[in-house]
Amino acid sequence: MAGKRDVESDRLAVLAGEASAEAAIQAAAMAPEFEQSLNVPPDLTAAAFFDVDNTMMMGASIFHFARGLAARKYFSSSDLAGFVWQQLKFRVGGREDPESVKASREQALSFVSGRSVAELVSLGEEIYDELMADRIWKGTQALAQMHLDAGQRVWLVTATPVELAQIIARRLGLTGALGTVSESENGVYTGRLVGDLLHGKAKAQAVRSLAAKEGLNLRRCTAYSDSSNDVPMLSVVGTAVAVNPDSQLREVSRRKGWEIRDFRTGRKAAKIGVPSVLGVGALAGAVAATMAYRRRVK
């Protein structure tokens with residue numbers, strides 16, 4: 001009986017991943033593409049794919065967004081603290097388990113349910129300027145620019161809500177973004193996802209789908225990530241690069257001969273590659289700062 005349940009669970013996970021990938025591709029098709037410089041001859045069959053959290057940006061983008069919403073009194077500091085706890089388990093506890101993914105998904109949906117899409121996009125622009133712009137890893141941004149300078153398209157591929165991912169991509173001058181898609185009706189979020197989180201195998205499916213749509217040769221493409229959860233995405237391209245890798249991805253990268261780039265400071269962080277070294281401190285500091293802010297404005 002347990003074996004049948006496992007098979008059914010795996011089948012549903014595959015279907016959810018396919019739905020997530022399809023939703024991400026459709027959302028990307030509706031977003032305006034960044035116009036690449038006409039001075040750069042386009043390389044039409046190669047592209048680069050970047051994870052966001054701890055790869056392109058220090059910490060979790062959805063957490064920075066949540067901080068911005070908390071500062072605007074969209075929810076309480078205790079709600080934020082609960083979100084932080086989920087993010088710590090999600091990011092630091094090693095490989096994400098289905099229950100942690102489900103809890104993070106439900107929390108993400110609670111932020112947007114009943115809110116206007118236009119309102120959240122406008123807030124995302126503000127919060128990017130306030131809390132995210134200074135947290136972009138300059139080394140990773142330089143890698144993305146290297147691909148752009150070679151005439152290649154550059155995409156973010158992330159579990160972050162697609163609207164926020166598209167803001168980050170646009171601000172960095174990238175081609176576009178694939179992200180988790182929240183359902184909306186008449187311009188208002190319903191509190192449901194289209195598919196599931198763009199996470200793990202769903203990212204790999206989204207990259208394959210985009211490559212088929214855009215005529216890319218995946219053997220000529222490059223992918224970048226910090227997390228062992230993105231091994232499926234890293235494995236579908238010709239060149240995989242671990243950026244600020246967690247311990248599991250560092251081990252996989254060494255075994256497979258993948259390049260490793262670490263832009264974090266401190267010998268310990270570079271040595272073990274665990275987000276808890278810098279990530280937890282950043283999260284804790286951010287929570288303290290947000291709560292202090294809320295006490296001042298009360």
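Colleague: What share of the contacts in the protein chain with a separation of 6 or more comes from residues 24 or more positions apart?
Modeller: Those residues account for 66% of them, where contact means heavy atoms within 4.5 Å. Keep in mind that this is a predicted model, where local features need pLDDT of at least 70, side-chain atom pairs count only at pLDDT 80 or more, and totals for chains, interfaces and linings use all residues. Residues are numbered from 1 along each chain as its sequence is written, and side-chain values use heavy atoms, leaving out hydrogens and water.

Colleague: Okay, new topic: is Thr-158 buried or exposed?
Modeller: Thr-158 counts as buried because its relative accessibility is 1%; buried means under 20% relative accessible area, with a 1.4 Å probe and protein chains only.

Colleague: And where is Thr-158 placed?
Modeller: You'll find Thr-158 in strand E2, residues 153–161 (strands are DSSP runs of E, at least two residues, and helices are runs of H or I, at least four, numbered from the N terminus).

Colleague: Which residues is Thr-158 in contact with, leaving aside neighbours within four places in sequence?
Modeller: Among them are Val-52, Ala-165, Leu-178 and Lys-203. Ser-225 is 67 residues from Thr-158 in sequence, yet their C-alpha atoms are 9.8 Å apart in space.

Colleague: Nice! How many helices and strands does the protein chain have?
Modeller: There are 12 helices and eight strands.

Colleague: Last one: how much of the protein chain is buried?
Modeller: Of its 298 residues, 50% are buried.
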